[in-house]
Amino acid sequence: MATISAPTQQAVDRPEPGTARFVDYAGVALDSIRANKLRSFLTLLGIIIGITAIILVICLIQGMKVYWSTKVANFSPNTFVVAQFGIITNPDKFAEAQRRNTEIHAEDAAAIRRGCYDCEAVGVETHRGVTVKYRGQTVEQVDMSGATPNIIDIEPYDIAMGRNLMDWENDHSEYVVFIGWGIMEKLYPGTDPVGKDIEIEGHWYRIIGVGDERGSVFGFSRD
């Protein structure tokens, strides 16, 4: 009886299909880069410029956001301002607003305070440019604000020296002021101005506090 033996199959190592394809694709890509060096360089340069531009735009947006929140925006997100005039750059529209918009008085703030049960604080302030003096030194075009004491907490102003205005001083129209850091540096360099007097438009006021340094925005001092 004849015996027939089948030939044994030897195992052959074969690369994985995915690996082979990747190697082939990589080889084709490298050959294409070598054959078209200038085009490859320009493509890579365009990608680098595009990614760099995106990163720069994101950095500028984040930087402006931080700058606005720390330097420009005085109020918190839940603070609302009621004013007679908004930001108007057109002279004709401003003249129209003067005829149309009614004046706002302290009584209006009192009405808001009585009717707004969710309002944590309601303050009043009015601004105008003045000249301040002390011992022969003069600073012109200073923004003076007649304000209720809680405005310093609403905006807010950090206190560097002295204290805030008090309600009884506001109720009795006391001649006291809370000055900015820039006024202190110009009129009282190297000294503590708290308790000293300052002349504003011919009237003398006693300094009770100094605001912390706030810097400038677009070249305009906030102190």
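Q: What does "buried" mean in this predicted model?
A: The model is predicted. Its residues are sorted by relative accessible area. Over 50% is exposed, and the range in between is partly exposed. Buried means under 20%.

Q: Is Glu 169 buried or exposed?
A: Glu 169 lies in helix H6, which spans residues 167–171. Its relative accessible area is 3%. The cut-off for buried is under 20%, so Glu 169 is buried.

Q: Which backbone nitrogen does the side chain of Glu 169 reach?
A: Glu 169 belongs to helix H6. Its side chain comes to 3.0 Å from a backbone nitrogen. That nitrogen belongs to Met 166.

Q: Which residue meets Glu 169 in a salt bridge?
A: Side chains of opposite charge can pair when their charged atoms come close. The side chain of Glu 169 has such a partner, at 2.6 Å from N to O. The partner is Arg 163.

Q: How many salt bridges does a search of the whole structure find?
A: One of them joins Glu 169 and Arg 163. Another joins Glu 96 and Arg 100, at 3.4 Å from N to O. The search of the whole structure gives a count of two.

Q: Why are Glu 96 and Arg 100 separated by about one helical turn?
A: An α-helix has 3.6 residues a turn, so residues three or four places apart point the same way. Glu 96 and Arg 100 both sit in helix H3. They are about one turn apart because their spacing in the helix is four residues.

Q: Is Arg 100 buried or exposed?
A: Its salt-bridge partner, Glu 96, is partly exposed at 40% relative accessibility. Arg 100 has 52%. The cut-off for exposed is over 50%, so Arg 100 counts as exposed.

Q: How many of the ten residues of helix H3 are buried?
A: Helix H3 covers residues 91–100. The helix is hardly covered. Its count of buried residues is one.

Q: Which residue caps the N-terminal end of H3?
A: The cap uses a side-chain oxygen. That oxygen lies 2.8 Å from the backbone nitrogen of Asp 92. The capping residue is Asn 90.

Q: Which residues form the negative surface patch?
A: One member, Glu 185, is found in helix H7, residues 181–187. Glu 185 counts as partly exposed, at 45% relative accessibility. The patch is formed by Asp 158, Glu 185, Asp 212 and Glu 213.

Q: What accessible area does the nonpolar surface patch have together?
A: The patch is formed by Leu 38, Phe 41, Leu 42, Leu 45 and Ile 49. Leu 42 is placed in helix H2, residues 37–72. At 48% relative accessibility, Leu 42 counts as partly exposed. Together the patch residues have about 510 Å².

Q: How far apart in space are Ala 147 and Gly 123?
A: Ala 147 is in strand E2, residues 137–147. Ala 147 is partly exposed, with 22% relative accessible area. Ala 147 and Gly 123 are 24 residues apart in sequence. From C-alpha to C-alpha, the distance is 7.5 Å.

Q: Which side chain makes a polar contact with that of Thr 148?
A: Thr 148 is placed in the loop between E2 and helix H5. Thr 148 counts as buried, at 17% relative accessibility. Its side chain makes a polar contact at 2.7 Å. The contact is with the side chain of Asn 150.

Key:
Residues numbered from 1 in each chain as written. Predicted model: local features only at pLDDT ≥ 70, side-chain atom pairs only at ≥ 80, totals over all residues. Heavy atoms only, no water. Buried < 20%, exposed > 50% of the residue type's maximum accessible area, 1.4 Å probe, protein only. Helix = DSSP H or I, 4+ residues; strand = E, 2+ residues; numbered from the N terminus. Polar contact = N/O pair within 3.5 Å; in protein donor to acceptor, adjacent residues only side chain to side chain. Patch = residues over 30% accessible without salt bridge, like charges linked within 9 Å, V, L, I, M, F, W, Y side chains within 5 Å. Areas by Shrake-Rupley, 256 points an atom, 1.4 Å probe, with all protein chains shown as cover. Salt bridge = Lys/Arg side-chain N within 4 Å of Asp/Glu carboxyl O. Lys, Arg positive; Asp, Glu negative; His and termini not counted. Charge placed at Lys NZ, Arg CZ, Asp CG, Glu CD.
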